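Subject: Structure handover

Hi there,

Here is the structure I promised to pass on. Have a look at it first, and my notes follow below.

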Amino acid sequence: ALRGALICIPPEQRQPLEDGEVYLDDLIGCQATESDTKRQLGVVEGWQDTGAVPLLTIRTQSGSELLVPFAASICEQIDLENKLLVLRLPEGLLELNEP
């Protein structure tokens, strides 16, 4: 009966997570920063479910879209309280996302 339906659960009713786990929608609005250079990459706007590792959609300051795999090897720090995401980008990732 619910096939194809969008089910929404209020944040206060979500299941508690284990340490180190996050709900992807909690990342929306986080400022993404590159760990090596401390450069501001942009703001997380959403994610794309690829069937494997989700891709975070980051809107850069220039208005372009940056897609970053949501993987432990890339996401070094997630601070939801301060809406901060620190990323160690693989070499060449920024060039892949250029128009």
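Leu2 is found in the segment before strand S1 (31-34); strands here are DSSP runs of E with at least two residues, helices are runs of H or I with at least four, and both are numbered from the N terminus. With a relative accessibility of 56%, Leu2 counts as exposed (exposed is over 50% relative accessible area, buried is under 20%, and partly exposed is in between, with a 1.4 Å probe and protein chains only). Together with Ile7 and Ile9, Leu2 makes up a nonpolar patch on the surface, with about 330 Å² of accessible area in total. Patches take residues with over 30% relative accessible area and no salt bridge, joining like charges within 9 Å and nonpolar side chains (Val, Leu, Ile, Met, Phe, Trp, Tyr) within 5 Å. The areas come from the Shrake-Rupley method with a 1.4 Å probe, and for residues only the protein chains shown count as cover.

Please keep in mind that this is a predicted model, where local features need pLDDT of at least 70, side-chain atom pairs count only at pLDDT 80 or more, and totals for chains, interfaces and linings use all residues. Residues are numbered from 1 along each chain as its sequence is written, and side-chain values use heavy atoms, leaving out hydrogens and water.

Now to the salt bridges, of which the structure holds 7 (a side-chain nitrogen of Lys or Arg within 4 Å of a carboxyl oxygen of Asp or Glu). Arg14, Asp25 and Asp26 are linked in a network of them. In the pair of Asp25 and Arg14, the closest N and O atoms are 3.1 Å apart. Both residues lie in the segment before S1, so this pair ties together parts that are 11 residues apart in sequence. Arg14 also meets Asp26, again at 3.1 Å from N to O. Elsewhere, Arg39 and Glu34 form a salt bridge at 2.9 Å; Glu34 is buried, at 10% relative accessible area, while Arg39 is partly exposed at 41%.

Finally, the strands. S2 (residues 40-48) and S3 (residues 55-59) run antiparallel, joined by 5 bridges (strands pair if DSSP finds at least two bridges between them). Val44 stands opposite Ile58 in S3. The two strands form a hairpin with 6 residues between them, and Gly51 in the turn has a positive phi of about 90 degrees. S3 also pairs with S4 (residues 65-69) in the antiparallel sense, over 5 bridges, and Arg59 has Glu65 in S4 as its bridge partner.

Best wishes
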